[in-house]
Amino acid sequence: MSQFASFSVPQIKNEVPQSYAPGSAQREGLLKAFKELEAELPVEIPLMINGKAVTSSEIGEQICPFEHKKVVARYSRAQPEHVKAAIEGALAAKSKWESLHWSERAAVFLKAAHLISKKYRYKLMAATMLGQGKNAWQAEIDAAMEICDFLRFNTKYANELYSQQPPENSPGIWNRMEYRPLEGFVYAITPFNFTAIAGNLVAAPMLMGNVVVMKPSDSAVLSSYVVYQIFREAGLPDGVLQFIPGNPVDVSREVFDHFDFAALHFTGSTAVFRQLWRQIGNNVADGKYRTYPKIVGETGGKNFHLVHSSAHIRNAVVSTIRAAFEYQGQKCSALSRLYVSRSAWENGFRDELVRETKALKVGHPTSDMANFVGPVIHRASFDKLKGVLSRAEADSEVEILVGGKADDSVGFFVEPTILVSANPKHDIFVTEYFGPVVSVYVYDDDKLDEVCEVIDTVTPYGLTGSIFAQDRLVVSQLSARLRNAAGNFYINDKCTGAVVGEQPFGGARASGTNDKAGSGMILSRFVSPRAIKDTFDYADTVIYPSNLA
Ligand SMILES: NC(=O)c1ccc[n+]([C@@H]2O[C@H](COP(=O)([O-])OP(=O)(O)OC[C@H]3O[C@@H](n4cnc5c(N)ncnc54)[C@H](O)[C@@H]3O)[C@@H](O)[C@H]2O)c1
Ligand SMILES: N[C@@H](CCC=O)C(=O)O
């Protein structure tokens, strides 16, 4: 499209949080949206291919985690012919989408953020609460704030990326860089735990001119569908985003079989990511694809807090409780290993930690707004966590300091649990459980270096971690010592709650490719740059001066 100006994006700011305080219009609005959506359940959700609703003979159910008798959504599951049609439709939509000026694409996502911030804020939050079991605050920071931040900041980062041009032009030459969309289509596989992440997994590549086939999580189909509809209302053309829930293995096999598969954008568990990498790798080795597919994946964690003897105890306790138990520990960033110096542990930390944890209220997200902890996502997660708790109970190396019970009579509720062990290599410090369980190791004050070695090496992950210390020499020493233990590193703050535009998010080692969602780096993974040299002088001599006799 012709363009007669070099546009810049509007000033981008983080979405302002709403408090949902008692008596506020915000709380009233959210509860009204929650009730309205609850009355509509189960929502019937089709596949969306080329902008048209398509139903399948195979129907899946998304279950409400805090009332498992309630079905949140009944959704069509894609069959091989649907996956093929989605890919072909996306490829057919590609040339018009990528030839739009980038500002037109940016306008779609800026408008989507505007719609989420205003018209659909409470609806998207309600879908996230009913389907994914978040309370009001957790829904606000995810399905209102973070998703708006991703959509808006991406446009600023895209503008900056496109502005990166070669610094040198020899006389008579104009050098340029063009950031082409990938040749082919992007496949996005999204996790259950963040509506914002599902939104960004598709929006980031689309902004850069790509077309996307999306397989949402079975446990977040409703919120993903609402996001899909918002993108459409914001002006996203037919076929640019294909929404195809379905059996993850079957859908992925079909996608990875396609010659034009150009990138995987994944967030989820490490085990699944490794499996997908293997499938893609085997296909690359067989020469199946037009190009080498980009693989972008953010995965699991076993995140730590290290509390030094000089730490501010109250700050460390409050940060620990929030990091371990907000959203039931189901954030990839959630705290699950806690290393506390013996002097801090015995001089107040332990007692405050126990008192505050016991005071946490567990239950339904709206019938009692005081509930801080809700349900875990599904039966499989509940069963896995129940197994962790019963093994802990039977294990002579583990003490259950707080919690340890689970109740699935109405919903999938697991008590906030603190485990303690004197064996720093115990599985409770190694395996990601993805639930409200934190494991404590108390270290002798003079064994700081030894505990750092354990923190750095006992798990394969490297996602988030925090140190708590007031002594600046110690802060500096720990920061250097633990440089590779976390991609998001916090000093005197909790290891969760990264904010787009402030702390780009992601970890290395087994935690992912660390391409940093919420930054320009991730956008650069979804382009294939072309360097253009434009020469104004014509050549007329073959030999070099050095060839002259
Ligand atoms: N690092 C991050 O930024 C980040 C963010 C959120 C979640 N996570 C991680 O995600 C996990 C929790 O999310 P989850 O339970 O949705 O993860 P999951 O791996 O079970 O599922 C993620 C997605 O992969 C799909 N999937 C599952 N098996 C598959 C297969 N064999 N082939 C293809 N697709 C498959 C699922 O259907 C879902 O859409 C945790 O490990 C958490 O740490 C990481
Ligand atoms: N970005 C979020 C975590 C997302 C993973 O689930 C945080 O920093 O807490």
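For the views below, Ala, Val, Leu, Ile, Met, Phe, Trp, Tyr, Cys and Pro count as nonpolar, Asp, Glu, Lys and Arg as charged, and the others, Gly among them, as polar. Keep in mind as you browse that this is a predicted model.

**View 1. The shell around ligand 1.** Start with ligand 1, which has 31 residues around it. Those that come nearest are P248, G268, S269, E298 and C332. Sorted by class, the shell holds 13 nonpolar, 14 polar and four charged residues. Two helices to look for here are α8 (248-256) and α9 (270-285), each of which supplies at least two shell residues. Both domains take part as well: domain 1 (27-299 + 512-532) and domain 2 (303-491) each provide at least three residues of the shell.

View 2. The protein is divided into domain 1 (27-299 + 512-532) and domain 2 (303-491). Their C-alpha centres lie 31 Å apart. Domain 1 puts 19 residues into the contact, and domain 2 puts in 19 residues.

**View 3. The largest nonpolar core.** Here is a set of 166 residues, in which F185, V212, V213, L241 and Y339 touch the most other members. Helix α5 gives the most to this core, with 13 residues. Residues of the core come from both domain 1 (27-299 + 512-532) and domain 2 (303-491), so the core lies between them. As background, nonpolar side chains tend to be buried together in soluble globular proteins.

**View 4. A closer look at V212.** Which residues does V212 touch, not counting those up to four places away in sequence? Its partners are F185, V186, A188, V202, P205, M206 and L241. Two of these partners, F185 and L241, are listed with V212 among the core residues that touch the most other members.

Methods:
Residues are numbered from 1 along each chain as its sequence is written. Chains are lettered from A and ligands numbered from 1 in the order in which they are written. This is a predicted model: local features need pLDDT of at least 70, side-chain atom pairs count only at pLDDT 80 or more; totals for chains, interfaces and linings use all residues. A residue is near a molecule or strand if its C-beta atom, placed from the backbone, lies within 6 Å of it. Helices (H or I, at least four residues) and strands (E, at least two) are DSSP runs, numbered from the N terminus. Domain bounds come from an automatic or database domain assignment. Two residues are in contact if their C-beta atoms, placed from the backbone, lie within 7 Å. A nonpolar core is a set of buried Ala, Val, Leu, Ile, Met, Phe, Trp, Tyr and Cys residues joined through C-beta atoms within 7 Å. A residue is buried if 20 or more other C-beta atoms lie within 10 Å of its own, exposed if 12 or fewer, and partly exposed in between; C-beta atoms are placed from the backbone.
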